[in-house]
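Work through these exercises with the model in view. Try each task before reading its solution.

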2 protein chains.
Amino acid sequence: MTLGPLRRLGGAMTSFADTIELSAAGDNLWDGIVDQDYRGFGSQFGGWTGAALLKGAMVEPGAKGEPLSLSVLFTEAINEGPYQVATRLLRSGARLQFWRSELAQGGKLCAHAQATFGVRRDTLAFTDAVMPDPPPPEDKDLRTFAPPSHFGAQYHMRWATPGPRDPDLDPTAPASSLVWIRDKRDRPVDVLMLAAMADLAPPRPMWKKPTIMASSTVSMTTHFHATAEDLREVGADWILSEVHCRRCEGGYFDHELKLWSRGGVLLATSEQVAAFRD
Amino acid sequence: MTLGPLRRLGGAMTSFADTIELSAAGDNLWDGIVDQDYRGFGSQFGGWTGAALLKGAMVEPGAKGEPLSLSVLFTEAINEGPYQVATRLLRSGARLQFWRSELAQGGKLCAHAQATFGVRRDTLAFTDAVMPDPPPPEDKDLRTFAPPSHFGAQYHMRWATPGPRDPDLDPTAPASSLVWIRDKRDRPVDVLMLAAMADLAPPRPMWKKPTIMASSTVSMTTHFHATAEDLREVGADWILSEVHCRRCEGGYFDHELKLWSRGGVLLATSEQVAAFRD
């Protein structure tokens, strides 16, 4: 089931998508093993979980088109060991497909997702979102910081803005961040890596209150904008993650996130609402 | 099942939520009749559909907390007449609930949703999003325009920015809009009205290409930020809808939307991806 030592060697010998191995376990049912490299704090990294749910639909024999959107609910902690992904095709049309995908362990639902797939074609095209202009990822003044967890260790992260624990953080400023991110094993970006990177952002309340806070994503939605050609052009290069909090209230906060190629292509956007204890 | 002439009289004799009447049809099953006032172009207004899916979970006897997020897939056109909403509680915890909700007609799935509910409590609170500063809704220079449909007739809309067909629209500018919206019958805002208003935005490609375009929402996610007190303070006053396109490509576009109270409270945010033909 696992690639063993090969995948530990680094380099682009494998892809992130390939490391989420799913083997057929019946109609619309897939078996997998939780990847320990993407463990988080008491559960699996939500970005990996979303990618596994999305892959479950993508490997279905009847799948058509490319992912357009993915909405994930995180219902229970995911433990180490085996898991199953059950999928259901809700509707298939000429250009669009609608899927449901569920990740369970021992019969207990851990995460639930909706995904849409679409066939792209040549139409009017424009990007209105404007890429920020941070120093390049090679800038020596950028700070390196990654979440102190197994999943954090899977990424190079270079911060153009103060992180939550930086001494020069201004807690009265917006809880925003600009961070260059790259896969630590130099694997080229694919849509599943985008799905994972979309969850790679510390909880925004930490920008305002310098205490340790428990936080967990409740619901997360990602829109995939990158075409196959966009992804090929990025390859294994740095990706800019732009994150802004919108509102924090009542024990919940949300953030919006954009993933940009170095050349200014909007690869994906994502929003999530999370629960926190302060 | 319907309120008949009463609800046509205008005024706050009823609420928007009450007009989505659901009667128990079994365990986790609700019967309703499509509200013709919210018909769109060949289907039901997506905002109304999202509200009906959300209400299906809210009226469940076991429902707890207030809506935090709603993600809707629009899988099939909705016809006039009866429909059913089937719900499933995916998980219930101390503060959070996760629901699935499906709207069907004659056994055919028309829309599928995930919703999360949360119990709010006193915590750190802040809003980083910044409200734009358009002229007030009473300004005589604002343009009135609503989608030429039954659902469009349910709202007062006063535009602070050029709409898609305005002669002074600059097609090279971002496909953004600032519009004051108010329920035509002066019903006070509630969370279901926010769910509906979150879909009240013409397709963004029309800002760039002045032709008639067929467009339909594929996936839509809304985060509900308003507390019960926030909603009471708004009452039946105008709500500002701020919409920006992010990227349009391959026959799909997405937009982000914010609903603001006149006093600057961020009531809800929403994103959607839609398919279009140009």
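**Exercise 1.** Which side chains meet in a salt bridge with A:Asp37?

Solution. The partner is A:Arg185, with N and O 2.8 Å apart. A salt bridge here is a side-chain nitrogen of Lys or Arg within 4 Å of a carboxyl oxygen of Asp or Glu. Side chains of opposite charge can pair when their charged atoms come close.

Before going on, note the ground rules. This is a predicted model, in which local features need pLDDT of at least 70 and side-chain atom pairs count only at pLDDT 80 or more, while totals for chains, interfaces and linings use all residues. Residues are numbered from 1 along each chain as its sequence is written, chains are lettered from A in the order in which they are written, and side-chain values use heavy atoms, with hydrogens and water left out.

**Exercise 2.** Describe how domain 1 and domain 2 of chain A meet.

Solution. Start with the bounds: domain 1 covers 4-118 and domain 2 covers 143-277. These bounds come from an automatic or database domain assignment. The C-alpha centres of the two domains lie 20 Å apart.

Now count contacts (heavy atoms within 4.5 Å). Domain 1 brings 32 residues and domain 2 brings 29.

Then take the buried area, the accessible area (1.4 Å probe) that two parts lose on being put together, summed over both. The domains of chain A bury about 2,400 Å² between them, with 62% on carbon and sulfur atoms. A:Phe16, A:Phe45 and A:Phe74 supply 23% of the area that domain 1 buries against domain 2, more than any other three residues.

Last, check the charged pairs. The rule finds one salt bridge across this domain interface.

**Exercise 3.** How many residues of chain A are in contact with chain B?

Solution. 69 residues of chain A touch 69 residues of chain B. About 5,800 Å² is buried between the chains, and carbon and sulfur atoms give 55% of that area.

Go on to the salt bridges: 14 join chain A and chain B. One of them pairs A:Glu249 with B:Arg120, whose closest N and O atoms are 3.4 Å apart. On the side of chain A that touches chain B, strand S14 (residues 266-277) gives the most, with eight residues.

**Exercise 4.** Which strand of chain B pairs with strand S12 (residues 239-249) of chain A?

Solution. The partner is strand S7 (residues 126-127) of chain B. The sense is antiparallel, over two bridges. Two strands pair if DSSP finds at least two bridges between them. To locate the pairing, look at A:Arg247, which stands opposite B:Thr127 in S7(B).

How values were computed:
Helix = DSSP H or I, 4+ residues; strand = E, 2+ residues; numbered from the N terminus.
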